[in-house]
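Thank you all for coming; I would like to walk you through one structure this morning, slowly and element by element.

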Amino acid sequence: MIGRISMTTRRKKVLITGISGGLAHQVAEMIPQNWDIIGVGLRELRPIKGRKIEFHKLDITKNKLEDIFRRRQLDCVIHMAVNDNPRVPIKHRHHINVVGTMKLLEDCERYKVKKVVLLSSANVYGADPNNPVYISEDHPLRVTQSYSEISDKVEFDSYCRSWMYKNPSISTIILRPCHIIGSQVHNNLTGYLRLKYIPIPLGFDPMIQVIHEIDMARAINACLRYNLSGIYNVVGPGELPLTEIINIVGGAPFPIPHVVGYSALRALWALGIGPLPAPQVEFLMYPCIIDGTRFQEDFRFSPQLSLSETLRSTVLY
Amino acid sequence: MSTVEVDHRVYNKEGNLTMLNMALRLIGSQIDSAVDKEIKRRLKRLPNKLNEYNYDAWGFHPEVAQYGLQLCIWLYRYYWRTEVYGIEKVPEGRVLLIGNHSGQLPMDGVNIASAMLMDAEPPRLVRTMIERWFGTMPLISTFAARHGQILGDPKNCVKLLENDECVVVFPEGARGSGKLWYDRYTLVDFGLGFMRLALKTKTPIVPVSIIGGEEQMPSFYDAKPLAKMLGLPYFPITPTFPWLGLLGFVPFPTKYHIYFDDPLYFEGTGDETDSEIQKKVDIVKKKILDNVAFGLAQRKNIFW
């Protein structure tokens, strides 16, 4: 059922976890003026023009977080304190991404938060040569079949999903966006595209879906407007082959046979100096194209930036 | 104030012309002039929706596909001298072309695709559902994707049909193309999947009969252990293969005849039992076999 949140005299409060991140910062910038923003993050928050934000510098796995729920009657929680850095040991990442989220959701349940927005990723489907084009939300999460290093992301997604079904009265929105790129976000793909010489697997040129950080921030904001529950893929203006993307951002691609690249990456990773775990290469070899029409229809969302605007902003600051 | 248009596709971040891109452009412009104007015109008239860089979600890109299609169409016209009958019967919008598979190499699919592009009005891009292992092969996977060929997954097929595309399916699969000489122009068992998809998406089925494919690479024996070792669906022993090495891959220049039958519209939901679906599949099978028999009777010679 689609219904707009009714306007009340009390100012509504939204908690944004991980607000110091590049994407979360832009989400906060776009939150409508009738909302009060409470931010939680590990790094100092850069000020946002025209907004007063109640900022708490704390770790979401700590008990101090619950005090925010006690003191403030929160209407909405946007959970973006997810650690994607593959160099952080899996034990630590699991603690933040899974245990931290479990505690946060427990608090949401106890203090009767009406809406929770959770940011997962389309990576949980995994890049696989057998992937159909346009993966829908009910597709199996297969990434760990070959890429065990990000098992915490799959567990995060699965836990959020079961929690959503357990709490039908809370509007729970789990977003699985495609690759988010832009000048503010730092993830595996943007880091890769900002290289001067970009290694690509020889003979593979999969289609890759991208969404601009501004469009993604807009998508997250759209979640505030509709009281729905569900898992949603989020896509941007479209998909392009890897080499075309590299041409547009202006890098110089050099092909490496994937067997060589894979082994080298695995050896470097084992030595502790590799940039990424070797199975990440699969995202440059096989497609992982998701179907975002459900989100676009249910939340009346459409990306505003074109493919070329989205891609060029990644490197040209 | 005048602005300088910088082509970001050629210049990298520092504004240097990258060697690779420059070389590709140079080669590209040379090959480009080799492509038939007729093919370019027809590619422009395809009803397929493409994004701002001329790609579709599966990776089809006319600017790359034109080169491969040029070769396919040359073979279609001058090597196999394909005769096409009844192509005007293929309806507009979504359609499933169901054919008999033969000839070790999937030249039947290539010829149907060439016919639909060059001889159908309006031109259509034919999507074939390729074997899964193609997706794991470097170069081949990219090559197939740029030419609009799709991994054989039912979800892909449904999506294509919902987009009103033209999909060719050989329900015999690799068992059909790997047929031995003694079984030529017979049909092995048809899979039922295509009929369920057609019913679910309300797609008309056009039976297509291909004459000439069986003689292009007559196989007398399928060396199964070798095939298994190499990860191939079959390993044919033909008069030329493997005796002549790579040269043995060259099929004989048999003459191709392709018969398109009237579209069949089936009623149903796609959730019927196998035996009910089988009855419908048998109708399609019979049409194909009838046309094969007709085509063989009409044919005077294998080569002309």
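In chain A, strand β6 and strand β10, which covers residues 230-234, pair in the parallel sense over five bridges, where helices (H or I, at least four residues) and strands (E, at least two) are DSSP runs numbered from the N terminus, and two strands count as paired if DSSP finds at least two bridges between them. Within that pairing, I173(A) stands opposite G230(A) of β10(A). Before I go further, please keep in mind that this is a predicted model, in which local features need pLDDT of at least 70 and side-chain atom pairs count only at pLDDT 80 or more, while totals for chains, interfaces and linings use all residues. Residues are numbered from 1 along each chain as its sequence is written, chains are lettered from A and ligands numbered from 1 in the order in which they are written, and side-chain values use heavy atoms, with hydrogens and water left out.

Strand β6(A) also pairs with strand β5 of chain A, residues 115-119, again in the parallel sense and over five bridges, and there L119(A) stands opposite L175(A).

Why is β6(A) described as largely enclosed by the rest of the structure? Seven of the seven residues of this strand, 171-177, are buried, and therefore the description holds; buried means under 20% relative accessible area, exposed over 50%, and partly exposed in between, with a 1.4 Å probe and protein chains only. S171(A), I173(A), L175(A) and P177(A) point one way, whereas T172(A), I174(A) and R176(A) point the other way.

Helix α1(A), residues 22-30, is likewise largely enclosed, because seven of its nine residues are buried, among them H25(A) and Q26(A).

Let me turn to T314(A), which lies in helix α10(A), residues 307-315, and is buried with a relative accessible area of 0%. Its side chain reaches the backbone oxygen of T310(A) at 3.3 Å. Leaving aside neighbours within four places in sequence, T314(A) is in contact, that is, has heavy atoms within 4.5 Å, with I181(A), G182(A), S183(A), T190(A) and R194(A).

Now for the two chains together. Chain A and chain B bury about 2,800 Å² between them, 55% of it on carbon and sulfur atoms, this being the accessible area (1.4 Å probe) that two parts lose on being put together, summed over both. The contact takes 36 residues from chain A and 31 residues from chain B. Two salt bridges are counted between the chains, a salt bridge being a side-chain nitrogen of Lys or Arg within 4 Å of a carboxyl oxygen of Asp or Glu. One of them links K159(B) with D291(A), whose closest N and O atoms are 3.9 Å apart.

Finally, chain B has an open sheet of seven strands in the order β1-β9-β6-β2-β5-β3-β4, with mixed pairing. In this sheet β1(B) and β4(B) stand at the edges, each with a single partner strand, so one side of each is left without a neighbour in the sheet.

Key
Polar contact = N/O pair within 3.5 Å; in protein donor to acceptor, adjacent residues only side chain to side chain.
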